[in-house]
Each structure stands twice: as structure tokens, then as C-alpha cells.
Amino acid sequence: MDGVIFDIKRYAVHDGPGIRTTVFLKGCWLNCRWCHNPESKNAEPELIEVDSKFGCEEIQFGKKVSVEEVINEVVKDSVFYEQSKGGVTFSGGEPLYQIEFLKALLIESKKHNIHTAVDTSGYAPADSLESIYDYTDLFLYDLKLFDEKLHIEYTGQSNKQILKNLKYLDKLGEKVTLRIPLIPGITDTKDNLLLIINFVHKLKNIKKIDLLPYNKIGEGKYSRLKISDNITKLQSQSVDYLLEIKELFKSLDIDVRVNK
């Protein structure tokens, strides 16, 4: 089976426990205006005109690869997984966009006794999550905006399926780490965070939440890729403000961390 990826990052330490290899799959149903990987949205390999120090040039983003090719790269780092209790993380884009390819990757990873994580927005058919559940050790589940109208405004899609899928995974067990990207003035507002906290109160098996501070590193991509419809010139949160946000989650009495 073949699929399309656009990057493999080794020695990742923020994509799940231990040292990990993160495989980025192309394709996504959402159109988040702050997306750090706009080149991931189209599911197919594509030539994109990019501004560079050499002028304007075309660069290919994404390539078609087999399951075997990806797993051969992943197992090269097995010694680091064993020493750090790490593994492989499948990210994107939205990895569930290529569900059959993702499932095959997860199955092969488990055959090599590698810990598996799926970094997902949760915006996907419920049966897709069901089909990979037994082969996934951890879901890194993004929850961005609780208000549906705001979710549509900033991502292009409703969040009803996302919330429904999170409830579904929560009922099945303790496989979910909730991740909240803190976008200044959008997702990091007190109103939004309190709505999320109230929702999580009703869940039974969420034991960990990662708060993801805004990182400006992705903004440069938009000018190079000549994309103008994103959000730019946002200021990263101060340490004091991040501590205030973390304090809001104290009522949940679970492990809440600021992922730097």
C-alpha cells in the first residue's frame, strides 16, 4: 500500500512520550488559519512556487511512499525508543485523512513492538478511529475551539464530530492526551478555555492535558508560499500568562503541562 508523506522528523520530544520519530502525512479536512504546515493540506504531492534567496522556484511538497519504506525508516531509531520509552508518531496534516495507509503503518509498527501515537484533530469519521484503535497506544487529540461558530470561522468546519469522537475515545479507555493549541486572542481566551474545562469535567478517562503555546516559527512559511489568508503577527504568550492559563485547569485535578 502506498500513501503520501511530506516529512519525517527524528528525535522528536514533544510528540508523545520519550524520543520519537514523527511521520507527517499529507491531507487535511480542516483549514486552520494558524496552521504551521500549510503545505500539508493537499493530499497529493504538489509543486508549489516558493520565494527563496535564489528568487522564485518550484519545490515539490510530498512524495508517494510505501508502508515498507516508512517503517524501514522508523525502525532505524529503535534503540532510542527502547532507551527512552519512545516510539513513532503519525501526524500531518490529518493522518486519518489517509486512513487505510495509516492503519497499515500502525499494524506494521506494532509488529516491530514500537509504541504508536496518532496526532489528530479528531475531525474524521468515527469508524476511522474505531478501525485503528487496537493498533494505537496513544491519541494526541487537539481541541481548539469549543464554540461551534468560532470553530467554523477559524478552521472551516464544525466541531460537532470532533467533540463526538472525543467522547467516543474517552469511553473506550485512557488512550487520549488532550492537546490545546493556544492561539493568542482566539483559542487562549478565558471564555474558550473555561468551556473546554467544563466539557472535560464530564469525561472520565482524560488523565493528561498539554497546553501548546503559540510558536511564530510557522509564520515565515506563508510569505514564502505566497499564502495570504492566514493569521500573522501574533505575539507569543508570556510565561506569566501561560501560568495563568495553567491555573485555570487546576479544578480538573489532572496532569496539565505547558508543552514548550
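Predicted model: local features only at pLDDT ≥ 70, side-chain atom pairs only at ≥ 80, totals over all residues.
Reader: Let us start with H7. Which residues does helix H7 span, and how many has it?

Author: Helix H7 covers residues 190-201, which makes 12 residues. From its first C-alpha to its last it reaches 16 Å, close to the 16 Å expected at 1.5 Å a residue.

Reader: Which residues of H7 are buried?

Author: They are Asn 192, Leu 193, Ile 196, Ile 197, Phe 199 and Val 200.

Reader: Why do the buried residues of H7 line one face of the helix?

Author: Seen down the axis of H7, the buried residues fall within an arc of 160 degrees, so they line one face.

Reader: And on the other side of H7, which residues are exposed?

Author: Lys 190 and Asp 191 are exposed there.

Reader: How does the lining of the largest pocket look by class?

Author: There are 16 nonpolar, 13 polar and 12 charged residues in the lining of the largest pocket.

Reader: What about the second largest pocket: how many residues line it?

Author: The second largest pocket is lined by 13 residues, and Gly 16, Pro 17, Lys 208, Asp 210 and Asn 259 lie nearest its centre. Strands E8 (138-142), E9, E10 and E11 (255-258) give two or more residues each to this lining. The space in the second largest pocket is about 200 Å³, and its lining divides into 5 nonpolar, 4 polar and 4 charged residues.

Reader: One last topic. How many cavities of 30 Å³ or more does the structure hold?

Author: The structure holds 2 of them. The largest cavity has a volume of about 40 Å³.

Reader: Which residues line the largest cavity?

Author: The lining consists of Leu 30, Ser 121, Asp 142, Leu 143, Lys 144, Leu 145, His 151, Asn 159 and Ile 162. By class, the lining of the largest cavity has 4 nonpolar, 3 polar and 2 charged residues.

Key:
Residues numbered from 1 in each chain as written. Heavy atoms only, no water. Helix = DSSP H or I, 4+ residues; strand = E, 2+ residues; numbered from the N terminus. Expected span 1.5 Å × (residues − 1). Buried < 20%, exposed > 50% of the residue type's maximum accessible area, 1.4 Å probe, protein only. Arc of directions from axis to C-beta. Nonpolar A, V, L, I, M, F, W, Y, C, P; charged D, E, K, R; others polar. 1 Å grid on protein atoms, 1.4 Å probe; cavity = no way out; pocket = protein on both sides within 12 Å on 5 of 7 lines; lining within 4 Å. Points joined across faces, edges and corners; volume = space filled by probe spheres on them.
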